Amino acid sequence: MATENDNIAEESARKDSGNAPVRNGSGCCHRHPRGKLHCYDWLADIPGHKSSFDIVEVQFKNTRKGFYRNSLHLPLAIGDIVAVEAAPGHDIGQVTLTGELVARQMRKAGMKSDTEIKRVLRKAKPADLDRFEEARAKENDTMIRARKIAEDLKLNMKIGDVEYQGDGNKAIFYYIADERVDFRQLIKVLADAFKVRIEMKQIGARQEAGRIGGIGPCGRPLCCASWMTNFVSVGTAAARFQDISLNPQKLAGQCAKLKCCLNFEVDTYVEALKRLPGKDVRLETADSTYYHFKFDVFNRQITYSTDKNIPANLVTISADRAFEVIAMNKAGEKPLSLLPDDDDSTKQKKPYADLLDQDNISRFDSKRKKKKRKPKKDGPAKERRDDSAETTSSDSSEPKEGKMSRENGAAERPQNRNRNNDRRRGRQRERGDRREQQQQPRDPDRQPDQKSNQ
């Protein structure tokens with residue numbers, strides 16, 4: 001039934017804050033609004049599993065969680081607000097997990113068996129909740145005043161957040177610093193200013209981004225602010241495996257560190273690269289030696305160049321063809337070309353389909369070119385069309401009776417064509433005569449002809 005896989009207990013975080021239980025009327029100690037640190041109780045339907053383990057998981061503000069022993073055997077359920085033991089005083093938190101899954105979470109957190117576990121004192125009373133609300137209302141003003149005090153003391157640090165304990169007797173200051181900071185004097189000044197016990201906790205840039213939140217370049221909420229709880233170191237090797245340009249402005253996130261998402265797909269790329277030839281492998285052909293230039297891990301294609309440093313005579317082949325050439329080279333053979341004999345690279349390739357072109361406003365423009373209409377010519381062509389129309393009409397007016405009428409029509413067509421040609425030649429001669437008469441110079445002494453009727 002239950003396996004030893006500790007990752008089953010902690011499922012993917014739910015970003016919908018409506019799934020988190022909230023105390024009616026108070027609004028305090030509610031689950032993180034981004035659904036962070038949410039655990040799915042997949043043993044909830046099994047009867048009796050809650051009483052099998054007397055330790056519960058309690059969550060406080062931000063990403064702070066703790067494990068507390070229910071020594072009084074209180075009937076606790078997920079979402080209950082409880083007062084737990086603290087040093088000094090007590091703290092207010094919300095129960096997030098009960099039963100056997102708490103033991104798995106403790107193993108995942110690396111807690112030892114001899115670790116002292118504090119107790120659950122009671123379910124929170126209205127007086128406890130009112131006191132906790134008063135303490136939380138002072139957190140923002142305390143943070144602003146603490147930043148001013150640290151600036152006056154000329155300390156190279158930044159106070160990112162302040163968290164008050166449930167009873168208001170202790171305050172935790174979260175700060176960021178690039179180097180070691182001596183804040184002993186700061187603690188004394190803060191204790192005199194706020195009259196509480198001071199605890200300093202250093203966090204990293206990624207933890208600060210997770211507390212503040214924001215929108216990433218992908219258009220979604222930051223992973224560190226929505227579901228990530230454990231931060232793994234990110235190196236530039238992850239970008240090299242994915243063949244990403246080492247541009248610091250594009251690789252860095254809002255925390256000024258390398259983006260955590262560079263590690264999400266690097267394992268897939270590493271597995272895919274194992275099915276491709278190495279970059280240091282050279283391919284020998286009958287006419288030249290080819291060196292690795294670039295690769296396409298998705299299509300399993302490699303581009304080779306005849307020069308190590310610059311692209312020259314680039315040839316793109318598949319990974320299977322590359323392994324085939326490598327095997328031939330090991331056997332002492334050199335192919336005439338890297339391209340296979342049945343290469344289809346000369347075939348017409350499909351046009352490139354841009355998925356983002358659907359947002360281009362020029363898509364509404366008509367790409368069909370309008371054909372220019374040819375000007376109508378008068379003269380022989382028009383007369384020829386008229387004659388052909390007359391001929392067609394005369395032919396169509398005649399009755400067609402079976403095979404004999406079709407043969408007669410076919411015999412008359414050459415005669416009509418010869419008749420039209422004769423008419424066309426006669427008109428051309430007449431136009432030529434008129435054009436010659438117009439070009440001849442007129443004699444000024446010539447008298448105009450008198451009309452015959454005078």
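Student: Is Lys 170 buried or exposed?

Tutor: The model is a predicted one, and the accessibility used here is computed from it. A residue counts as buried when its relative accessible area is under 20%. Lys 170 has a relative accessible area of 15%, so Lys 170 is buried.

Student: Which residue does the side chain of Lys 170 meet in a salt bridge?

Tutor: The criterion is a side-chain nitrogen of Lys or Arg within 4 Å of a carboxyl oxygen of Asp or Glu. The nitrogen-to-oxygen distance for the pair involving Lys 170 is 2.6 Å, and the partner is Glu 199.

Student: How many residues apart in sequence are the parts that this pair ties together?

Tutor: Lys 170 belongs to strand β7, which covers residues 170-176, while Glu 199 belongs to strand β8, residues 197-202. Glu 199 is partly exposed, at 24% relative accessibility. The pair therefore ties together parts separated in sequence by 29 residues.

Student: In the salt bridge between Lys 65 and Glu 57, which residue counts as buried?

Tutor: The two side chains meet with N and O 3.3 Å apart. Lys 65 has a relative accessible area of 26% and is partly exposed.

Student: Is Arg 184 buried or exposed?

Tutor: Arg 184 forms a salt bridge with Asp 182, with 2.9 Å between the closest N and O atoms. Asp 182 is partly exposed, at a relative accessible area of 45%. For Arg 184 the figure is 61%, which is over the 50% limit, so Arg 184 is exposed.

Student: Which element supplies the largest share of the largest nonpolar core?

Tutor: This core has 22 residues, and those with the most contacts inside it include Met 157, Ile 159 and Phe 173. At least two residues each come from α3 (139-152), β6 (158-164), β7, α4 (184-194) and β8. The largest share is 4 residues, and its source is α3.

Student: Which residues does Ile 159 touch, leaving aside those up to four places away in sequence?

Tutor: Ile 159 is among the residues with the most contacts inside the largest nonpolar core. Beyond its sequence neighbours, Ile 159 touches Met 143, Ala 146, Arg 147, Phe 173, Tyr 174 and Tyr 175.

Student: How many residues are in the other core, which lies apart from this one?

Tutor: Its members include Ala 272, Phe 295, Val 297 and Ala 319. The count for this other core is 16 residues.

Student: With which side chain does the side chain of Thr 289 make a polar contact?

Tutor: Thr 289 lies in strand β10, residues 289-296. Among the residues that Thr 289 touches are Arg 282, Leu 283, Ser 305 and Thr 306. The polar contact has a distance of 2.8 Å, and the side chain concerned is that of Glu 284.

Methods. Residues numbered from 1 in each chain as written. Predicted model: local features only at pLDDT ≥ 70, side-chain atom pairs only at ≥ 80, totals over all residues. Heavy atoms only, no water. Buried < 20%, exposed > 50% of the residue type's maximum accessible area, 1.4 Å probe, protein only. Core = buried A, V, L, I, M, F, W, Y, C linked by side-chain atoms within 4.5 Å. Contact = heavy atoms within 4.5 Å. Polar contact = N/O pair within 3.5 Å; in protein donor to acceptor, adjacent residues only side chain to side chain.
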